[in-house]
Amino acid sequence: MQKEKTLQFWDDFYEKEEQTKEWIVQPSQHILNMIEEHLPSSSDVADSLHILEIGCGNSQFSLILWEYLNNKIECNEIDLESVHVTATDVSSVCIDSNLQRDSERMKKFGQHSFHYKILNVLQENQSCQHKFHLVLDKGCLDTFLFRSGKNEETSILHTLLDNVHSWLKDDGKYIIFSPRQKIKALRDYNGFASVEKVKIACTGDLDGKSSDEETIYIHICTKNKLYQIGDVPFRSNMNNVPDFCSSCKISFHEFRKGEAMSGKRETYWFRTWINHT
Ligand SMILES: C[S@@+](CC[C@H](N)C(=O)[O-])C[C@H]1O[C@@H](n2cnc3c(N)ncnc32)[C@H](O)[C@@H]1O
């Protein structure tokens with residue numbers, strides 16, 4: 001579990017960091033368009049579209065996304081009734097200062113549909129169960145990938161992914177923005193039916209610093225609704241999934257190495273042998 005001093009670290013960080021800080025990537029038009037492309041179709045959204053951001057920090061990523069989607073709704077450019085966005089973080093310091101900073105802007109669309117809330121991704125939360133079409137993560141899961149103890153890391157990722165899984169609606173998507181090309185736990189987690197990856201070159205965007213060109217990856221994980229909390233979480237712990245394709249004999253490991261970037265090949269890697277011929 002996350003140590004008390006790590007949680008304190010983030011509170012201290014946000015005490016000092018008064019300026020809005022945007023890690024990894026800015027909410028540019030291109031990134032907003034990409035998120036829009038992954039929204040469920042209006043027929044799958046009965047009332048309102050619900051989006052959750054985990055580990056929002058003091059970035060305005062979610063707020064800008066909420067404004068972008070509401071502007072599109074007003075111009076009839078997307079077929080949705082309304083959109084609810086909840087941006088969350090474990091640090092009460094950053095949530096309090098976000099609320100102070102953005103309270104006027106949050107009223108803009110005349111509805112209480114944008115919220116900042118304290119949420120620890122490593123704790124179960126009944127009120128979030130099965131509620132969200134999209135869960136966004138820009139740098140939150142990344143913060144758990146620097147641990148020295150592999151067992152500790154695996155256990156934390158298991159908890160985080162099971163929580164995200166339980167907060168997603170069926171067919172919901174977990175979208176992660178990361179500088180990492182490969183996140184093994186995502187590819188191995190049985191709670192996702194598919195993991196698509198998109199490579200983005202962003203100039204001068206990374207962490208707000210001016211840079212020639214940086215590459216980031218967007219990992220788009222679609223919920224596997226057959227997975228249940230309590231099932232074996234990671235494929236690497238399973239014994240009963242065939243390691244070789246019965247027709248061409250390629251090993252699952254080889255197959256997975258061929259994971260394609262979206263747009264470059266027609267299919268991308270699936271946890272099972274779906275789409276493999
Ligand atoms: C690298 S920052 C990213 C902030 C923001 N998403 C951005 O892109 O600018 C990671 C964030 O994860 C938050 N965090 C760390 N542990 C967390 C936990 N257990 N639950 C929720 N958020 C957590 C930190 O407070 C911090 O704001």
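Visitor: In which loop does Asn 76 lie?

Guide: A word first: this is a predicted model. Asn 76 lies in the loop between helix H3, residues 61-74, and strand E2, residues 83-89. Its backbone deserves a look. Asn 76 has a positive phi of about 55°, although it is not a glycine. Most residues other than glycine have a negative phi. Asn 76 counts as exposed, because its relative accessibility is 68%, and the cut-off for exposed is over 50%.

His 130 is not a glycine either, yet it has a positive phi of about 60°. The loop that holds His 130 runs between strand E3 (114-118) and strand E4 (132-138). With a relative accessibility of 42%, His 130 counts as partly exposed.

Now step back to the chain. The secondary structure comes to seven helices and seven strands. Along the sequence, the pattern reads α-α-β-α-β-α-β-β-α-β-α-β-β-α. The chain has 277 residues, and buried ones make up 52% of them.

Lys 197 is one to look at for burial. It lies in strand E6, residues 192-202. Its relative accessibility is 4%, so Lys 197 counts as buried; the cut-off for buried is under 20%. What does its side chain meet? A polar atom of the Lys 197 side chain lies 2.9 Å from the backbone oxygen of Gln 181. Ile 220 is 23 residues from Lys 197 along the chain, but the C-alpha atoms of the two are separated by 6.1 Å.

The space it takes is the largest pocket. There are 21 residues around the ligand, and Gln 2, Tyr 14, Gly 55, Asp 89 and Lys 138 come nearest. By class, this shell has nine nonpolar, seven polar and five charged residues.

Some contacts can be named atom by atom. A polar side-chain atom of Asn 120 lies 2.8 Å from a nitrogen atom of the ligand. Val 121 uses its backbone: an N or O atom there lies 3.0 Å from a ligand nitrogen atom.

Methods. Residues are numbered from 1 along each chain as its sequence is written. This is a predicted model: local features need pLDDT of at least 70, side-chain atom pairs count only at pLDDT 80 or more; totals for chains, interfaces and linings use all residues. Side-chain values use heavy atoms; hydrogens and water are left out. A residue is near a molecule or strand if one of its heavy atoms lies within 4 Å of it. A polar contact is a pair of N or O atoms within 3.5 Å; within protein, one must be able to donate a hydrogen and the other to accept it, and residues adjacent in sequence count only if both atoms are side-chain atoms. On a 1 Å grid over the protein atoms alone, a cavity is a set of points where a 1.4 Å probe fits but cannot get out, and a pocket is an open set with protein on both sides within 12 Å along at least five of seven lines; lining residues have an atom within 4 Å of a point. A molecule sits in a cavity or pocket if more than half of its atoms lie within 2 Å of its grid points. Ala, Val, Leu, Ile, Met, Phe, Trp, Tyr, Cys and Pro count as nonpolar, Asp, Glu, Lys and Arg as charged, and the others, Gly among them, as polar. Helices (H or I, at least four residues) and strands (E, at least two) are DSSP runs, numbered from the N terminus. Buried means under 20% relative accessible area, exposed over 50%, partly exposed in between (1.4 Å probe, protein chains only).
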